[in-house]
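Colleague: I have a structure to go through with you. Could we take it step by step?

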Amino acid sequence: MIDDGTGLFTIGELARATGLTVRTIRYWSDEGVLVPVTRSTGGYRLYDASCAARLELIRTLRELGLGLDDVRKVLDGERTVAEVAAAHVTALDAQIRSLKVTRAVLSTVARRGSTAEEMTLMNKLARLSAAERARIVEDFTTEIFDGLDTADPDIRERLRYAPTDLPDDPTPEQVDAWVEIAEMMQDPEFRVLMRRMIEFNAADRGPDVPAGTSLWFMSRLVQLAGEALERGVAPEAPEAADLLRGLLGDADAAEVLTRLEAGSNIRVARYRQLWAVVAGLGPQAAYEAEFGWVVAALRARTAG
């Protein structure tokens with residue numbers, strides 16, 4: 001404090017009293033968050049006790065991560081500390097999520113030994129905003145379902161509302177899976193494949209067929225094939241033909257085979273597995289043996 005009875009501090013004295021540097025205090029003064037009460041005859045800034053108290057508040061707010069603009073608004077009464085803190089919590093949450101995604105990407109790169117080009121692609125796709133990820137899914141589902149109003153609504157809902165965002169703390173496996181999904185959904189050839197599968201589904205459904213029937217049929221087919229495999233029934237055996245006839249009725253075996261081959265395509269199965277990884281559902285069965293048995297049984301019925 002200046003020894004002149006005024007109770008004022010020079011910037012150097014204020015620095016010594018608060019433990020801050022002269023440079024920091026001068027900067028905050030220049031930015032208008034700490035205004036000196038007056039100046040000495042020599043033009044030096046002078047501060048009083050209220051400035052020292054204000055300085056302590058500025059330091060606290062800055063240590064909490066607030067920018068000077070927000071600090072100024074709090075000090076001027078334009079915003080409450082609670083409002084500014086809430087805004088910063090939101091910003092910090094977003095930053096933390098971004099850092100976690102970056103960590104997961106780097107972990108994946110380290111594990112896979114990815115090239116610089118692969119790392120760039122992975123980082124770009126993994127960092128897409130939730131809105132951008134949702135748009136990719138929306139574009140994909142719109143194209144494969146366009147005009148196919150009779151397709152099973154359950155299948156449409158499952159594809160449209162599949163997880164479009166990475167978890168807040170994604171594993172390297174989830175980053176890997178999301179990147180592969182994004183690439184698949186933007187691949188014209190995969191879109192054609194999925195469109196063909198949905199076209200088959202729409203063609204097979206009448207107006208009165210309940211939603212979910214397609215999923216039930218596939219589940220029943222897998223169950224039937226699994227039981228046949230357990231009992232050692234060969235796909236070309238007469239018993240296999242009887243089992244299929246009981247499920248398919250008078251349906252054309254060749255048509256069913258064409259549709260099943262589309263729905264059980266290895267890329268389609270991979271797509272389902274990847275969504276399960278992103279959703280955190282763990283490994284999902286592809287039922288390759290079961291579908292293989294049914295396909296072989298149908299081919300045996302259509303041979304010749």
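Colleague: What percentage of the residues of the protein count as buried?

Modeller: Please keep in mind that this is a predicted model. Of its 304 residues, 38% count as buried.

Colleague: And how many helices and strands are there?

Modeller: The protein contains 15 helices and three strands.

Colleague: What share of the contacts with a separation of 6 or more comes from residues 24 or more positions apart?

Modeller: Such residues account for 66% of those contacts.

Colleague: Let us turn to helix pairs. How does one describe two packed helices?

Modeller: One gives the angle between their axes and the distance between the axes.

Colleague: At what angle do helix 1 and helix 2 cross, then?

Modeller: The axes of helix 1, residues 11-18, and helix 2, residues 22-30, cross at roughly 115 degrees and come within 9 Å. Helix 1 is therefore roughly perpendicular to helix 2. Their crossing is right-handed.

Colleague: Which residues make that contact?

Modeller: Helix 1 contributes Ile 11, Gly 12, Leu 14, Ala 15 and Thr 18, while helix 2 contributes Val 22, Ile 25 and Arg 26. By class, five residues of this contact are nonpolar, two are polar and one is charged.

Colleague: What about helix 3 and helix 4: at what angle do they cross?

Modeller: Helix 3 covers residues 49-63 and helix 4 covers residues 68-75; their axes cross at roughly 135 degrees and come within 10 Å. The crossing of helix 3 and helix 4 is right-handed.

Colleague: Which residues meet there?

Modeller: From helix 3 they are Arg 54, Leu 57, Ile 58, Leu 61 and Arg 62, and from helix 4 they are Leu 68, Val 71, Val 74 and Leu 75. This contact of helix 3 with helix 4 has seven nonpolar and two charged residues, and no polar ones.

Colleague: Changing topic: is Ala 297 buried or exposed?

Modeller: Ala 297 counts as buried because its relative accessibility is 1%, and the cut-off for buried is under 20%. It lies in helix 15, residues 288-302.

Colleague: What does Ala 297 touch, leaving out residues up to four places away in sequence?

Modeller: Ala 297 touches Pro 235, Ala 240 and Leu 244. Glu 236 is 61 residues from Ala 297 along the chain, yet their C-alpha atoms are separated by 5.7 Å.

Colleague: Which other residues of helix 15 are buried?

Modeller: Besides Ala 297, the buried residues are Glu 290, Phe 291, Trp 293, Val 294, Val 295 and Leu 298.

Colleague: What span should helix 14 have?

Modeller: Helix 14, residues 266-278, has 13 residues, so at 1.5 Å a residue it should span 18 Å. Its end C-alpha atoms are 19 Å apart, which agrees.

Colleague: Which residue just after helix 14 takes a positive phi?

Modeller: That residue is Gly 280, with a phi of about 75 degrees.

How values were computed
Residues are numbered from 1 along each chain as its sequence is written. This is a predicted model: local features need pLDDT of at least 70, side-chain atom pairs count only at pLDDT 80 or more; totals for chains, interfaces and linings use all residues. Side-chain values use heavy atoms; hydrogens and water are left out. Helices (H or I, at least four residues) and strands (E, at least two) are DSSP runs, numbered from the N terminus. The expected span of a helix is 1.5 Å times one less than its number of residues. Axes are lines fitted to C-alpha atoms, for helices over the stretch in contact, and angles run from 0 to 180 degrees between N-to-C directions. A crossing is left-handed if the near helix is turned anticlockwise from the far one by less than a right angle, and right-handed if clockwise. Contact means heavy atoms within 4.5 Å. Ala, Val, Leu, Ile, Met, Phe, Trp, Tyr, Cys and Pro count as nonpolar, Asp, Glu, Lys and Arg as charged, and the others, Gly among them, as polar. Angles under 35 degrees count as roughly parallel, over 145 as roughly antiparallel, 65 to 115 as roughly perpendicular and the rest as oblique. Buried means under 20% relative accessible area, exposed over 50%, partly exposed in between (1.4 Å probe, protein chains only).
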